Amino acid sequence: MPPPPYRDPPIALALSGGGFRASLSALGAVRLLAGSGLLAQVKWASSVSGGSIANGLLAHHYEELEKEGFALEALDRVVLTPFIRRVTSSSLTRTLLANLWRVVGPGTRTDLLARELDRWFFGGRRLEDLPQSCRFVFNAANLTTGVRFGFERDVVGDWVMGTVPTEGSGLRLAQAVAASSAVPGAFAPFRVPGLAFPCAEGRIPSLLDGGAYDNSALEVVDDLPSAVLVALNAGGLFHTGRYGWIPIIRDLERSTSLLYRQSTSLRYRDMVDRFKAWEAARRAGQAPAPWARRGVLFGLATSFKVSEEWAATRPAFEDLVPTLAGYKTSLGRVPSDICEQLVYRGWWLAGATLATYQRDVLPGRLPEWEELP
């Protein structure tokens, strides 16, 4: 367990997948917490796929941010501005394609992804060297066991195969993020090298995109009664009539999308019911039930009645919502205007939901948007 924050309540983040669209909107939500003086209270951060890139950046630069009091200026300078500069000037997808020749031999496309993530963002940082002050969890889907496989500072594994310590394993942060982001078809399964899991019975973990199991990243943080959960869904939208004319491919893609939508909807419906139970108990002046939870959950296309206090001077730019929510799920180059709009959207949604449903978590004076450097 991470140490308690210097003031209550502790905060837990759940960052979904969705390529760089998810990374940028997640960093926007983190920016809201920094600007509100709440970033130091984040004690759990769970993520998949594109959200894991944002989570990895937060984990990698955590000590630097901690030294500067988790100030907004520090987050912008150390994390956000370098990330935006990188993704607006280069395409990670094209970089991977240009380096496919390196996959000849025992390496895979996922190993190549980890190598480029190290070069772009993480500088060879090992999992065991991550900070202890916050529990960072990078989630993948284990094809061998059919459950969530977690990469953390101290352990890696799942509840079927068991867990093993990371100490001495050599596992890198970039490998955890790559395994969490390894979209089926585009990337090969990531094989965890040289670790003997206690209940593996000779099997080797074979890992793909964590979104295949839980694109909400909620499983890790759904049992934290003391924490305020801030959950972002930046996953792709479900569209009808966009699956081509080839019957088999069309139907398989539609079925896969339906399964993803169903699993995500069930998780979110359950969590929203738990939020409502916590709110009902608070209004009644009663202790909440053990299963009730406190927090907010939002997607890029979320619409709801926002508190007047928040809406007064913080425009929603609703005309941009369809474009941002439907922006392509990829690791390609992102135009600078889309970057800024996605960061703002994540910032606005995090602030709007907290101001509307958990107002006492935010400071007395609500934060204002500050233009990106």
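The model is predicted.

Salt bridges come first. A search of the whole structure finds 19 of them. One joins Glu 68 to Arg 77, with the closest N and O atoms 2.5 Å apart. Both ends of this pair are partly exposed: Glu 68 has a relative accessible area of 36%, and Arg 77 has one of 40%.

Another salt bridge brings together the side chains of Arg 115 and Glu 116, at 2.3 Å from N to O. Here the two partners fall into separate accessibility classes. Glu 116 is buried, its relative accessible area being 0%. Arg 115 counts as partly exposed, at 33% relative accessibility. The limit that matters for this assignment is 20%, because a residue is called buried under that relative accessible area.

The side chains of Arg 267 and Asp 214 also meet in a salt bridge, with 3.2 Å between N and O. Arg 267 belongs to helix α9 (residues 247–283) and Asp 214 to helix α8 (residues 211–214), so this pair ties together parts that lie 53 residues apart in sequence. Asp 214 is buried, with a relative accessible area of 4%, while Arg 267 counts as partly exposed at 22%. The contact is part of a network: salt bridges with shared partners join Arg 148, Asp 214, Glu 219 and Arg 267.

Burial can also be followed along a whole helix. How many residues of helix α7 (residues 173–181) are buried? The count is 9 of its 9 residues, and the helix is mostly covered. The buried residues of α7 are Leu 173, Ala 174, Gln 175, Ala 176, Val 177, Ala 178, Ala 179, Ser 180 and Ser 181. In general, an α-helix has 3.6 residues a turn, so residues three or four places apart point the same way.

Next come the aromatic rings. The structure holds 15 aromatic pairs. Ring pairs link Phe 20, Phe 83, Trp 120, Phe 121 and Phe 122 into a cluster.

The structure holds 1 cavity of 30 Å³ or more. The volume of the largest cavity is about 40 Å³. Which residues line the largest cavity? Its lining consists of Val 221, Asp 222, Leu 224, Ala 227, Leu 229, Met 271, Arg 293 and Arg 294. By type, this lining divides into 5 nonpolar and 3 charged residues, with no polar ones.

The second largest pocket has a volume of about 200 Å³. Residues from several stretches of the sequence line this pocket, among them Met 1, Pro 2, Leu 130, Phe 136, Glu 152 and Asp 154. The lining of the second largest pocket divides into 6 nonpolar, 1 polar and 4 charged residues. Gln 132, Cys 134, Arg 135 and Arg 153 are also included in the lining.

Terms used: Residues numbered from 1 in each chain as written. Predicted model: local features only at pLDDT ≥ 70, side-chain atom pairs only at ≥ 80, totals over all residues. Heavy atoms only, no water. Phe/Tyr/Trp six-rings, centres within 6.5 Å; stacked < 30°, edge-to-face > 60°. 1 Å grid on protein atoms, 1.4 Å probe; cavity = no way out; pocket = protein on both sides within 12 Å on 5 of 7 lines; lining within 4 Å. Points joined across faces, edges and corners; volume = space filled by probe spheres on them. Nonpolar A, V, L, I, M, F, W, Y, C, P; charged D, E, K, R; others polar. Salt bridge = Lys/Arg side-chain N within 4 Å of Asp/Glu carboxyl O. Buried < 20%, exposed > 50% of the residue type's maximum accessible area, 1.4 Å probe, protein only. Helix = DSSP H or I, 4+ residues; strand = E, 2+ residues; numbered from the N terminus.
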